[in-house]
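Hello,

Here is the structure you asked about. Please look it over; my notes follow below.

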Amino acid sequence: MAKDEFQSRQFKVVGTRVPRPDGVDKVTGRARYGADITAPGMLTGLCLRSPHAHARIRSIDTSAAEAMKGVKAVVTRADFDVTPESSGNRDVLDNVMAGDKALYDGHTVAAVAATSRSVARAALKAIKVDYEVLPHVTDVDEAMKPDAPVLHEGRQQESVPEGYSQNVLARSQYGHGDVDKGFEEADIVIERHFTTAATHQGYIEPHACLATMGGDGKADLWCCTQGHYHVRDTCAELLGMDTGQLKVTSSEIGGGFGGKTTVFLEPVALMLSRKSGKPVKMTMSREEVLRASGPTASTSVSIKIGARKDGRITAGWGDFRYQNGAFEAMNGALGAMCGFAPYDLENVRTTGWEVVTNRPKAAAYRAPGAPMAAFAVESVVDELAGELGMDPIDFRLMNAADEGTKAAYGPTYPAIGLKSVLEAAKDHPHWNTPLEGENRGRGFAVGFWFNFGGNTSVSLMINGDGTVSLSEGNPDIGGSRASMSMMAAEELGIPYEHVRCVIADTASLGQNDITDGSRVTFAVGLATIKAARHAIDIMKARAARIWGIDEEAVEWVDGAAQPAGPNAGKFEPMTLKEIAALASKTGGPIAGHFEVNAEGAGVSFGAHIADTEVDPETGAVKVLRYTVFQDAGKAVHPDYVEGQMQGGAVQGIGWALNEEYIYGEDGILQNPGYLDYRIPVASDLPMIDTKILEIPNPGHPYGVRGVGETGIVPPLATLANAVSRAAGVRMTSLPMSPPKLLAAIKAAKG
Amino acid sequence: MAKERREIRFILNGSDVRLGEVAAQDTLLDFLRNARRLTGTKEGCAEGDCGACTVLVGRLVKGRLRYETVNACIRFLATLDGCHVVTIEHLRGADGGMHPVQQAMVEAHGSQCGFCTPGIVMSLYALWMQSAAPSDAEIETALQGNLCRCTGYEPIFKAARAAAELGDPAADPLEAERADVTGRLKAMADGARVTVSRGEDRAILPADVADLADVLAKHPEATIVAGATDVGLWVTKFLKPISPAVFVGHLSDLRQVDAKAARLRIGAGASYTDAEAALARAFPHLGPYWKRIAGWQVRNMGTVGGNIANGSPIGDTPPVLIALEAKLHLRSAEGTREIPLEDFFIDYGKQDLRAGEFVEAVEIPLAQEGVRHAAYKVSKRRDEDITAVAAGFALRVENGVIADARLVFGGMAAVPKRAAQAEAALKGQPFDAASFERAAQALAEDFQPLTDWRASAEYRRLVAANLLRRFWAEEGEGAKARLEGV
C-alpha cells in the first residue's frame, strides 16, 4: 500500500505526558498476568526436562506416572501427531517437546497434568526416560569445527562453504566496495576479536498459561505473550487444529523484551487439556525460564577497520559468529547487518554465521543480534579515534551515515537522525564536563536498529455517549494502550480521557504480528490513525445526512463535523458526541477499522555516554553517570519513550558488566536463578539521563519511529570503551565481571 | 510439657485466619495466591531474590506491633502464627482511595510492565512508614531486594521521594488499625506449643526456648528453621522435605539482642535487622557491611544464628564475628555449652552440633579498644548478592607493632577460616606496608580456594590478598592521611 507520508502538524494530545491507563491496576495488584487466573476443575501441568546437554531418547515409559492417583494426562512427543509445514514450526515443535533427541539441559521431554502440584511433581519422578548420552558442544567457535558433536544432520544450507561442522547452518554476507583496496589505502588498521556471553531478557514474570480444550475440539488459551495471534497460529498447527477454533487471550505481560515472542508451554498445555478434558495451567519456575526459554546468542566476532590519518574510514570488515542455541535463527545475519550500519563506508564486507549448539534456542532480546555487533565495531572505532588522536564523537561525525548513504547492509537511507544524535551528544553538558579522578573513564558509542512494521488490525468504536473504545491486537509491553489512545484522541479531536484502549483477543480483530521490532507505536499507531479517519468519514456522512448536504461538503475540525465549501456556516457544527447520540437514527453504530501490512518503519539511531570507575583491587565497576540520546521520530508519550530508553540502557549495562549464562564442562547451566544470574539492582545503576530527538519518520503520519530496541544497542560498547579507559586495558570479552576485569588488569600489569 | 494447640492463628489483611491443616513446607505465597486468590502478590523467582512477592508481616515486639517486609515465597505459612499479614490488596490511603505510595508510583511512571510493582509498592510502603522523606541511600536500601527489569529504577526513586508529599504516615490506615490489631494478636497468643500438619508432614512451633529443647530431644531429626532464607530454597528450589520442621523465629527469648557484662549477646533467632543497630553501635565497621547482607526483606527474615548454624563457607556473618572473638552458645535438653565460634566449623557441611542441640546465641566481647577492625564483602553486585570472598580483620597495634592479628576469610576454604600464615606474618611486625605485603603473599599458603560460577580460585586468591592491601591503605596510610588532614 502507499505510505502515509509525514506531514508536519500542531499536536494537542500527542507529545503530552498524560496519566497511564494501566497505572492504577498495576499499583493495586489488580492487573492480571499469566499466572493470575484460574478455571473450575483446573489441573496443574509440569514439564519433565532433560538433565543432559545432548542425549538420544531411546524410550520413555510413562505407565507408572499414568497409573498414579490424581494424574489426568501424560504427554510426550508421540502425542503430537503432526508434521508442521515450515521448517521453522518443525523446530518449534522439536523445541517444545523433544523428538528423538534432547538437545540441551532443560529441554522438555514429557509433561503431566495432575490435580495438584505435588502430585504432578511425583508423576514427573515416575516417568522413566532411557537416555543415550551424546557428546555436546556449547561454545560457538568449538561448534563450528569440523569434528564438533553434531546436533542436526543435513540441515546445512548451501551458503556455508566446505570445512565447517554441520552445526553451521547458514552464512550470510553483506557489503559493497573493495575492502582489500580500502585497507591498502588506510594509514592505520586495527583488527580485534571479541566475545560476548549469552544473556537472558530477565523479565520478572515467568511464562504462564491456562489452556482449556473442550471435547468438541474448540479451545481457549490465556497466556502471557508478546503475540497472541502468533501463539494461536503456531499452537493450532502443532495441535492439528483449525486456527479459528482456538481463541487466544493475552494477559497483562510482566516483561518480554523479545523473550515472549514464541511458544514454550502453550502447545503442551493445550495437549494436556485435550488429553485430560480439563483446564490445565502451567507456570515456569525461574529455573525453567533460564534453562529452557530463549536467551540471547553468545558470540565470537572479529572486526577489522582501516582509516586514513585525516579520520576517514577506508574499509570495514567483520565476521559475526553467533550460536543460536539448538535451532536455527538469524542472529548472526542481524549482527552482520547492524554492526556497520551507522557508517558511510565506501568499502565494507560483513559475514554472519548461524551456528547451533547444545543450548536453549535463542530468542529475540531487544534489537536481537545488534548489541554484540555494536560492541565489537564500536570498540574498534573507539580505539581508532584514540590512535588518530581524534575526539570519539568527531571521528564518528566524520564517518556518519546520512540521508542518501548506501547502508552497509544494502539499502539507501532516507532522512535519518544519526548526525543529529551525535551533535546532541557533543553539545550535552555530560560530554563537556571533564571526568576527573583515578581509575575513571568515559565511554561513547552509537547503535542502530531497523524497526519493523507488519500486519496490523485496529478497530475503533464510537460509543453512544461520545466516548471511544479502541481495540488493538498487540500486547502492551511499552505503553501502547496510552499511545494508541493518544493518537486516536488526536485524530478525532477529543480528550484523551474519552478513549479507552484494550488488547483484543484473537477472535475479535484481524491478524496482528507480534509485538516486536519496535513496531507497535509505528504500525498500530498508523492503523489507529487510519481507523479514526475511517470513523471520521462515517461521522461526516452522518452529519451530511442530517443536514441534507453532500458528504464532500463536510469537514472534521476539532472533534466536530462542520459544513464546508458553499455550505460553510449554514449549520451549527455537530460534535462527535452529538453525532454519536444520533447514530441509531442515522444508520446504526459508528465504528472505524483499519487493516494493513505496514511499511515505512524508520530506522533509528542512538548514542550513549557513560562514566565509570573501576576498583583496581576487586575489579568491580561503578557506573557514575549515563546519558542516552535517541531519535524517536515523534515521541507520542515522552515518559514512555524515556522509559524505553532507560530500560534499554540498564539492560545493556547488566549485559556489559555482570550477566552471563555459565555452562559447566558437562553442558549443564550453572546459574539458573536470580541468585546467580545477576540482573542489576537499584544500587548498580546511576540515574539514566535521556535526551529525546525528533527527526520525523517520513513513513508515518505523525513521524513516529520505533523506540523500544535501539536503547540496548550502544551500552555494551559504551561500557567497554569507558571501562577500558578506566582500567587501562582494552576489554574485548563480556561481561566485564569483577573476576574477568581484575584478571585483565593483572595481566596488563604483567 | 507446654499446652498444645493444633492450629495457627493470624490476621490476613482485615480477617482472622485459623488453619489446622498446614504442612511444614507450605509457603505464604502459595497460600495467598492459591488458597486465597490474592494474586496481587507475585511469584518471580521463589527464592527471595526478586521481591515480587513482598508483603508486610506485623508481629508484636515487646508488646508493640512492628511491620517488616518479607518475601512471601520463602516464608513458611506456619510461622505466621500470631502475625498480621498485609498484602497489596490491603493498601489504601487515609481517605479510602489509593495509598500515597501507589499514587506516587502511578504519577512517576514507576511501572512499565508492572509485574514487580506490587512488591516494590510494599517495600516503598515499609520505607514510607519508617521514613516518609527518605534519602536516596535509604531508598536504595529499601529496594535492595526488589528487581525491576524495565525501568532502571529512576522513576521508582522519584515515586519514593514524592510519596512524602502525598500523605502522612501518621494518618495511615495501618496506624488507625494498630490498637485493634495489637489487641487481636495479643488475644491469639496463648503461650501454647503449636503443632500443625497435613498428612505425615508436620510443623512444630515450640512454646518457648525450654520447650524447644524438649521438642528437639524428642525429634533430633527435625529441621530447625529460623528465618527460612536458606531452608526456604531447599523447599522451593530443591524440593526437599523438611518435616518435621521446628520453627523458632517466633520465640522472643531467642530474638533478644542486648549488651551486658561487657558482651553483646545476639539471640540465635534475632534477624539481621534485629541485630543491626546494636552491632553497628558497638562495631561501627559492621554498619555498612551489614547493609550488604542480602536485601532488606531477607535481612528482616534471616537470622544470625541461622547463618552460623547452617555452616555455609560463604555465610556473611562468621568471618566478621570470628574476627571479633565471638563465642557460640549451644543448648539442648542436657544443658548449655559455650565454644569459640571458629571451633564450630569443622569441615564442609559439618559443625560441632550434637543431636538435639541448637544454637542459642552468639556473644561478642565489647571491650576491644585499640583494635582496628575491618569487614569486607566481595561479590559481583554490591547489594543482594552471594559472597565470593568475605573477610573480617582485627588487629591490635601497640607502639607501631602489630601485637595481635585475626584475619578471617569466607569463601576461601570449606569453612570460614582464619588465615594462620598471614596472621603469623603480621604478628610482632611493624604496622607498615611491607608487613601487609608479606601477609598478602603468605595468604597463598593459607588457602586453596575453589573455582565456581561465582568466582575463580585465582580471583579469590587475588582479591583476598588485595583486601589486606586495602586494609593497610585504609587503616595505615589512610588513617595517617586523615590525621594529617590530607
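In chain A, 78% of the contacts with a separation of 6 or more link residues 24 or more positions apart. A contact means heavy atoms within 4.5 Å. For chain B, the corresponding figure is 66%.

Some ground rules. This is a predicted model, where local features need pLDDT of at least 70, side-chain atom pairs count only at pLDDT 80 or more, and totals for chains, interfaces and linings use all residues. Residues are numbered from 1 along each chain as its sequence is written, chains are lettered from A and ligands numbered from 1 in the order in which they are written, and side-chain values use heavy atoms, with hydrogens and water left out.

Chain A

Chain A has 750 residues, and its radius of gyration of 27 Å agrees with the value near 27 Å for a compact globule. That radius is taken over C-alpha atoms, and the globule rule is 2.2 Å times the number of residues to the power 0.38. The C-alpha trace spans about 90 × 75 × 50 Å along its principal axes.

The secondary structure of chain A is 21 helices and 26 strands. Both are DSSP runs, numbered from the N terminus (helices: H or I, at least four residues; strands: E, at least two).

In chain A, 65% of the residues count as buried. Buried means under 20% relative accessible area, with a 1.4 Å probe and protein chains only. Areas come from the Shrake-Rupley method with a 1.4 Å probe.

Chain A carries 72 positive and 92 negative side chains, and the centres of the two sets are 4 Å apart. Lys and Arg count as positive, Asp and Glu as negative; His and the chain ends are not counted. Each charge is placed at NZ of Lys, CZ of Arg, CG of Asp or CD of Glu.

One residue to look up is Phe605(A). It sits in strand 24 (residues 604-614) of chain A. Phe605(A) is buried, at a relative accessible area of 0%. Phe629(A) is 24 residues from Phe605(A) in sequence and 8.5 Å away, C-alpha to C-alpha.

Chain B

Chain B has 17 helices and 21 strands. With 486 residues, its radius of gyration is 23 Å, in agreement with a compact globule near 23 Å. The C-alpha trace of chain B spans about 65 × 55 × 40 Å. Of its residues, 62% count as buried. Chain B exposes about 17700 Å², 49% of it from carbon and sulfur atoms. Its 58 positive and 64 negative side chains have centres 1 Å apart.

Best regards

Methods: Buried means under 20% relative accessible area, exposed over 50%, partly exposed in between (1.4 Å probe, protein chains only).
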